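Please consult the sequence and the model shown below alongside the text.

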Amino acid sequence: MTAPDTLAAFAVLQDQVRVLTDRSEIAALTDRYLTHLDRDRHRDDWFGDVFTEDAHLTFPMGEFKGTSGLAEFQEMARKTFERTHHTASALTVTVDGDHARIRAHLTAVHVRRAAEPGEHFDIGGHYDADAVRTPEGWRISRFVFDLVWHAGQGPQGHGPAAPAKS
């Protein structure tokens with residue numbers, strides 16, 4: 001193999017390692033988000049670990065923009081449910097330089113009262129998200145959840161899963 005061939009092969013290998021590293025870091029980012037939702041739900045200091053400052057989240061119960069929107073979303077969840085359990089699967093990541101598209105399936109269990117874990121509101125669907133490379137690492141800038149199904153009593157007055165008012 002000639003020196004130019006070796007350099008070309010090395011460049012290809014470097015690109016492959018970069019893509020694999022990016023995909024691994026983005027998968028860790030999505031895991032971090034779900035872990036924070038469940039384990040750190042009573043704190044708002046983790047947003048910068050997952051989202052850009054101007055992140056835009058869209059859910060069936062509304063849209064939330066920026067750090068103040070994230071805090072509003074978390075406060076609604078805290079007031080409605082004492083415990084949550086989020087799981088994701090079928091993660092796909094497409095990297096294009098400093099931008100990435102993420103798609104995954106998401107299932108979540110929302111328990112109103114920890115003392116009554118058998119009573120819960122469950123959802124399933126998928127999400128699409130955009131992530132950007134920042135000096136601190138990959139961060140989510142856009143997150144859109146598409147609700148496919150739900151069971152149980154949803155958050156009062158929020159979205160299609162809310163119970164009918166009598």
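Through how many residues does a hairpin join S1 to S2? The hairpin between S1 and S2 runs through two residues. The model is predicted, and the points below are grouped by topic.

**Strand pairing around S1**
- Strand S1 comprises residues 51-59, and strand S2 comprises residues 62-65.
- The pairing of S1 with S2 is antiparallel and extends over four bridges; Leu 57 has Phe 64 as its bridge partner in S2.
- S1 also pairs with strand S6 (residues 137-151), in the parallel sense and over four bridges; here Val 144 is the bridge partner of Thr 58.

**The largest nonpolar core**
- The largest nonpolar core holds 32 residues, of which Tyr 33, Phe 51, Leu 57, Phe 59, Tyr 127 and Phe 143 touch the most other members.
- Two or more residues of this core come from each of several elements, including helix H1 (3-39), helix H3 (66-80), strand S4 (99-111), S1, S5 and S6.
- Beyond its neighbours within four places in sequence, Tyr 33 is in contact with Trp 46, Val 50, Phe 51, Leu 57, Phe 59, Phe 73 and Phe 143.

- Thr 134 belongs to strand S5, which covers residues 120-134.
- Thr 134 counts as buried because its relative accessible area is 18%, and the cut-off for buried is under 20%.
- A polar atom of the Thr 134 side chain lies 2.6 Å from the backbone oxygen of Gly 137.
- Asp 98 is 36 residues from Thr 134 along the chain, and the C-alpha atoms of the two are separated by 8.2 Å.

Definitions and conventions: Residues numbered from 1 in each chain as written. Predicted model: local features only at pLDDT ≥ 70, side-chain atom pairs only at ≥ 80, totals over all residues. Heavy atoms only, no water. Buried < 20%, exposed > 50% of the residue type's maximum accessible area, 1.4 Å probe, protein only. Polar contact = N/O pair within 3.5 Å; in protein donor to acceptor, adjacent residues only side chain to side chain. Pairing = 2+ DSSP bridges. Core = buried A, V, L, I, M, F, W, Y, C linked by side-chain atoms within 4.5 Å. Contact = heavy atoms within 4.5 Å.
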